[in-house]
2 protein chains.
Amino acid sequence: MPRKKPDIDRIFHALGDPTRRTIVEKLSEGPISVSRLAEPLKITLAAVVQHLQVLEASGLVKTEKVGRVRTCNIESYGLSVAQQWIADRRSIWDRRFDRLGDLLDESR
Amino acid sequence: MPRKKPDIDRIFHALGDPTRRTIVEKLSEGPISVSRLAEPLKITLAAVVQHLQVLEASGLVKTEKVGRVRTCNIESYGLSVAQQWIADRRSIWDRRFDRLGDLLDESR
DNA sequence: GAATCACTTAAGTATCCACTTGACAATCTC
DNA sequence: GAGATTGTCAAGTGGATACTTAAGTGATTC
């Protein structure tokens, strides 16, 4: 089943921002509320919310609001899509050396 | 050996742009010159060169000029750093479930 | 029910960044 | 060595985007 391009676009774009990667790093340690997530970051809560919207739209993060607290969590989808893209590039790359090896063998 | 943060910044920033990912995809199929790389892309050669500078500075691509032709190639470093970052996040994430399992076992 | 908490939304700003243009350099072909 | 090929460099532009401020909403506490 081929992966959709727009997803990859959104995911890598989301991971391209250092603040958003910091958020993902923090979330990988466990679920946390928006305000607690914002504490160590030197930006306003509003900015954090905007980053979370980008992360959620890309499938890297999932959030759920209970009462007045929104709890944030990692969603495995985004990271696995990114990981797959990289793995694909590397495997195609590696296969080249295999073919190169074959050629060398043949010429022996 | 701890990885340097600036590298991760540059690498994910580089991968955040769709044109640069297209370039990496193309390069994973094998070495190619700048102008042949630019052909299918709907941007000027100068723009491609700028993308290549970003990619090379991040350790995703290596280039070498022979005569008047610059040949581009994938450098494994960049992709492996990115892959490692993602793998780290996922492993920390997975460990959480292990601990959760332990807690459930204890409460039995 | 007044005050506080935990966001949410909208609008504005300032910086960044991808891209173009145009002029230039080095190399190759004839 | 004239002309074509292949790339390089500098400067400028327009649009995206990360961030702030400020005002507003709904949930909780007292």
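Start by selecting Glu64(A), which counts as exposed because 10 C-beta neighbours lie inside 10 Å. The cut-offs, with C-beta atoms placed from the backbone, are 20 or more other C-beta atoms within 10 Å for buried, 12 or fewer for exposed, and partly exposed in between. The model is predicted, so local features need pLDDT of at least 70 and side-chain atom pairs count only at pLDDT 80 or more, while totals for chains, interfaces and linings use all residues. Residues are numbered from 1 along each chain as its sequence is written, and chains are lettered from A and ligands numbered from 1 in the order in which they are written.

**The hairpin of chain A**

Helices (H or I, at least four residues) and strands (E, at least two) are DSSP runs, numbered from the N terminus. For a distance check, pick Arg21(A): 43 residues separate Arg21(A) from Glu64(A) in sequence, and the C-alpha atoms are 20 Å apart.

Val61(A) has Ile74(A) of S3(A) opposite. Two residues lie between the strands of this hairpin, and Gly67(A) takes a positive phi near 65°.

Next, select Arg70(A), found in strand S3 of chain A. Arg70(A) is partly exposed, with 15 other C-beta atoms within 10 Å. Leaving aside residues up to four places away in sequence, Arg70(A) touches Ser33(A), Val34(A), Thr63(A) and Lys65(A). Contact here means C-beta atoms, placed from the backbone, within 7 Å. Ala46(A) is 24 residues from Arg70(A) along the chain, with 13 Å between the C-alpha atoms.

**The hairpin of chain B**

Move to chain B and select strand S2 (residues 61-66), which runs antiparallel to S3(B) and is joined to S3(B) by six bridges. Val66(B) stands opposite Val69(B) in S3(B). This hairpin has two residues between its strands, and Gly67(B) in the turn has a positive phi of about 65°.

**The two copies**

Show both protein chains. Chain B superposes on chain A by a rotation of 180° with 0.0 Å of shift along the axis, at an RMSD of 0.0 Å. The two copies are therefore related as by a two-fold rotation axis. The superposition is by least squares on the C-alpha atoms of residues with pLDDT of at least 70 in both copies. To find the axis from chain B, select Gly16(B), the residue of that chain that comes closest, at 2.5 Å (C-alpha).

Now colour the contact between the chains, which takes 22 residues from chain B and 22 residues from chain A. Helix H1 (5-15), helix H2 (18-27) and helix H5 (76-106) of chain B each supply at least two residues of the side that touches chain A. H5(B) gives the largest share of that side, nine residues. By class, the side of chain B that touches chain A has 10 nonpolar, five polar and seven charged residues. Ala, Val, Leu, Ile, Met, Phe, Trp, Tyr, Cys and Pro count as nonpolar, Asp, Glu, Lys and Arg as charged, and the others, Gly among them, as polar.

Select Ala82(B), which touches Ile86(A), Ile11(B), Phe12(B) and Leu15(B), not counting residues up to four places away in sequence. The largest nonpolar core has 41 residues, and Ala82(B) is among those with the most contacts inside it, as are Ile11(A) and Leu60(B). Helix H5 (residues 76-106) of chain A gives the largest share of this core, five residues. Such a core is a set of buried Ala, Val, Leu, Ile, Met, Phe, Trp, Tyr and Cys residues joined through C-beta atoms within 7 Å.

**The DNA strands**

Select DNA strand C, which 21 residues surround, with Val34(A), Ser35(A), Ala46(A), Ile43(B) and Gly67(B) the closest. A residue is near a strand if its C-beta atom, placed from the backbone, lies within 6 Å of it. H4(B) contributes the largest share of this surface, five residues.

Finish at DNA strand D, where Ile43(A), Thr44(A), Ala46(A), Gly67(A) and Ser35(B) come nearest of the 21 residues around it. H4(A) gives the most to the surface near DNA strand D, with five residues. That surface has nine nonpolar, seven polar and five charged residues.

Methods
Two residues are in contact if their C-beta atoms, placed from the backbone, lie within 7 Å. Two strands pair if DSSP finds at least two bridges between them.
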